[in-house]
Amino acid sequence: MVLVTGGTGLVGAHLLLHLIENGENVRAIYRNQNNIQKTKSVFELYKKGDLFEKINWLEADILDVPSLENAFINIDYVYHCAALISFDPKDEDSLRKTNIEGTANMVNFSIAKEIKKFCFVSSIAALGDIAPHETYITEETDWNPEKPHSDYAISKYGAEMEVWRGLQEGLNVIIINPGVILGPIPKTKIFEQGSSELYQKVANGLSFYTLGNTGFIAITDVVRIAHELMKSTIKNERFTLIADNIIFRDILNTIADTLKVKKPGIHAKPLLMNFLWIADAIFSTLFFQKRSITKATAKASYSKNLYSNEKIKTALGTVFLDVHQYIKDVSKL
Ligand SMILES: NC(=O)c1ccc[n+]([C@@H]2O[C@H](COP(=O)([O-])OP(=O)(O)OC[C@H]3O[C@@H](n4cnc5c(N)ncnc54)[C@H](OP(=O)(O)O)[C@@H]3O)[C@@H](O)[C@H]2O)c1
């Protein structure tokens with residue numbers, strides 16, 4: 001049986017659907033019964049509501065060791081997708097706890113229960129920092145602790161260290177490092193953040209674009225490749241998963257065209273982005289609101305990072321979905 005953490009999130013819900021469609025027996029953990037409804041909504045969106053009943057749900061928290069022990073009964077393979085994603089400086093402690101300590105718990109049980117293979121969903125945020133003579137960030141690029149990193153990136157990097165420790169202790173591991181994951185455009189909001197938030201912001205008339213870029217990938221590619229890697233003989237490697245490096249303006253324009261709304265028209269240069277995050281910090285403090293732009297997200301919006309996907313293409317012969325076409329296609333669901 002396969003254990004999936006984060007099954008009530010964007011990645012985990014799609015992974016559960018993919019695994020069931022491919023004949024796997026799955027167990028998923030949940031913390032809050034209400035959030036299981038999100039997973040059901042994902043299955044229904046793809047008209048696969050009947051397959052939802054095949055999930056063996058169990059209440060557990062990756063930070064609560066006794067509850068987690070039950071989740072590992074009769075498990076052979078583990079996909080660890082659960083994480084906290086936040087760029088709010090207030091979440092620094094929770095990020096470290098959930099992402100590093102939670103992953104350490106998952107790794108420890110996987111070693112103790114002799115799990116056959118463990119897949120960790122990391123992020124391109126945990127890849128290294130490019131040196132001046134390099135163009136592409138790869139799986140081999142060194143992490144430079146002297147360079148500034150978001151708390152989220154540090155927590156995912158720390159989580160990877162726990163997985164590599166598991167490898168030293170005999171666990172077979174696979175780490176995937178996806179770029180920004182684009183999911184479906186549901187009629188009603190299912191997930192609060194990630195691509196759902198991006199679609200929502202453009203639909204609500206986002207005014208600004210930037211000319212920074214990053215790697216993007218469709219959710220269907222992420223879960224398909226994760227499963228392929230787990231079924232293969234490949235182990236103890238990490239793989240960058242991006243379909244393409246895309247300028248933020250271009251992705252926002254594709255979303256705006258698809259949703260038939262106005263494209264963001266104001267070029268937010270680095271100076272303006274820095275002003276916006278400082279303004280956001282002041283207003284969120286005054287009005288006790290969650291930060292929407294932080295120093296880390298402002299910087300990321302104009303950074304020009306190029307990621308290489310050559311390693312996974314060579315390993316599996318992967319052909320990625322075109323991200324712009326994916327957005328147009330999922331809008332019809
Ligand atoms: N979305 C992206 O663009 C993106 C890009 C690169 C990498 N990733 C990585 O992909 C993974 C999944 O991301 P996502 O977009 O699916 O995130 P998400 O939609 O925010 O889902 C997060 C999941 O983690 C679970 N979780 C959080 N804390 C937990 C805990 N203490 N115990 C058990 N479960 C817990 C949540 O459960 P509840 O429902 O109980 O809150 C939820 O199921 C993460 O590791 C993330 O770092 C995401």
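**Reading a predicted model, feature by feature**

Analyst: Helices (H or I, at least four residues) and strands (E, at least two) are DSSP runs, numbered from the N terminus. This is a predicted model: local features need pLDDT of at least 70, side-chain atom pairs count only at pLDDT 80 or more, and totals for chains, interfaces and linings use all residues. Residues are numbered from 1 along each chain as its sequence is written.

User: Is Glu 228 buried, exposed or partly exposed, and why?

Analyst: Count C-beta atoms, placed from the backbone. A residue is buried if 20 or more others lie within 10 Å of its own, exposed if 12 or fewer, and partly exposed in between. Glu 228 has 15 C-beta neighbours inside 10 Å, so it counts as partly exposed.

User: Which residues of helix H2 are buried, and where do they fall around its axis?

Analyst: Look down the helix axis. The arc is that of the directions from the axis to the C-beta atoms. In H2 (residues 36–45), the buried residues are Lys 38, Thr 39, Val 42, Phe 43 and Leu 45. They fall within an arc of 160°, so they line one face of the helix. H1 is included in what covers them. After H2 comes Lys 47, with a positive phi near 60°.

User: How do I read a sheet, and what is the strand order here?

Analyst: Strands of a sheet pair through backbone hydrogen bonds, either parallel or antiparallel. Two strands pair if DSSP finds at least two bridges between them. Here an open sheet of three strands runs S7-S9-S11, with mixed pairing. S7 and strand S11 (244–247) stand at the edges with a single partner strand each, so one side of each lacks a neighbour in the sheet. The twist averages 45° from one strand to the next. Axes are lines fitted to C-alpha atoms, for helices over the stretch in contact; angles run from 0 to 180 degrees between N-to-C directions.

User: In which sense do S9 and S11 pair, and what packs on the sheet?

Analyst: Strand S9 (residues 213–218) and S11 pair in the antiparallel sense over four bridges. Asn 213 stands opposite Ile 247 in S11. Contact means C-beta atoms, placed from the backbone, within 7 Å. Helix H8 (residues 248–259) packs on the sheet and touches S9 and S11. The direction of H8 makes about 85° with that of S11.

Definitions and conventions. Contact = placed C-beta atoms within 7 Å.
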